[in-house]
Amino acid sequence: MNPRSPFVVGVHELVRRPGAMHTTRLAIPAPGDLRNEVIGVPTGAEVEIDLRLESVVEGVLASARVLAPLAGECVRCLTAIADEADVELTELFAYPGAIEIDPEDTEAEEIAEILDDAIDLEQAVRDAIVLDLPFQPHCRPDCLGLCPECGVDLNTADPDHGHDVVDARWAALVEAFNQPDGEPDETPGGTAAPTTTGEESDR
Ligand SMILES: [Zn+2]
Ligand SMILES: [Zn+2]
């Protein structure tokens with residue numbers, strides 16, 4: 001344990017005093033690794049920890065609400081995303097030897113311990129934040145992403161954005177569809193209206 005780490009908190013007044021309690025608030029500049037590949041806490045950004053420490057028989061029970069800004073990018077359109085981590089954690093810091101781990105139990109979690117009347121919250125804070133990060137953050141739930149053909153952002157592109165990539169099997173059909181046959185037919189239709197009014201005036 002690095003005693004100068006900002007995540008290390010002295011618990012001297014709680015040691016061997018079951019029932020004693022202490023609350024405090026920490027503001028810690030984020031280390032660089034509070035992140036996954038796509039989103040995380042910017043290095044140096046403030047991690048706010050509302051901490052409650054309770055002396056229990058086996059050690060000190062730490063519970064905290066952790067707030068930190070998040071920066072990342074949308075996995076669909078690559079736009080920058082700003083968000084906030086708001087997570088809770090509970091971790092028992094035991095007196096050395098207070099809790100025995102069965103050496104045969106390879107699944108057993110490592111137990112955090114009180115060393116020199118201090119506890120190190122860094123691992124617990126890291127786990128709480130990083131395990132809660134989204135793996136596929138989106139700028140908004142219905143983000144349209146980028147055009148797979150040209151890479152343009154479909155959220156801001158023309159709604160009709162597309163490319164005339166036509167399967168050969170459809171080409172003939174598309175050609176037929178594009179024949180301007182409809183236009184000459186419409187002209188007589190348009191002239192039909194005056195004819196109707198003409199009939200009315202005859203009556
Ligand atoms: Zn997006
Ligand atoms: Zn495109």
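Where does Ser5 sit relative to strand S1 (8-10)? Hi everyone, let's start there: Ser5 lies in the segment before that strand, strands being DSSP runs of E with at least two residues and helices runs of H or I with at least four, numbered from the N terminus.

Some housekeeping. This is a predicted model, where local features need pLDDT of at least 70 and side-chain atom pairs count only at pLDDT 80 or more, while totals for chains, interfaces and linings use all residues. Residues are numbered from 1 along each chain as its sequence is written, chains are lettered from A and ligands numbered from 1 in the order written, and side-chain values use heavy atoms, leaving out hydrogens and water.

Back to Ser5: its relative accessibility is 9%, so it counts as buried (under 20%; exposed is over 50%, partly exposed in between, with a 1.4 Å probe and protein chains only). Beyond neighbours within four places in sequence, Ser5 contacts Asp120 and Glu122 (heavy atoms within 4.5 Å).

Finally, the zinc ion (ligand 2). Its protein donors (N, O and S atoms within 2.8 Å of the metal, or 3.2 Å for Na, K and Ca; water is not among the atoms, so sites may look incomplete) are Cys147 (SG), Cys150 (SG), His161 (NE2) and His163 (NE2). Cys147 is buried at 8%, whereas Cys150 is partly exposed at 43%.
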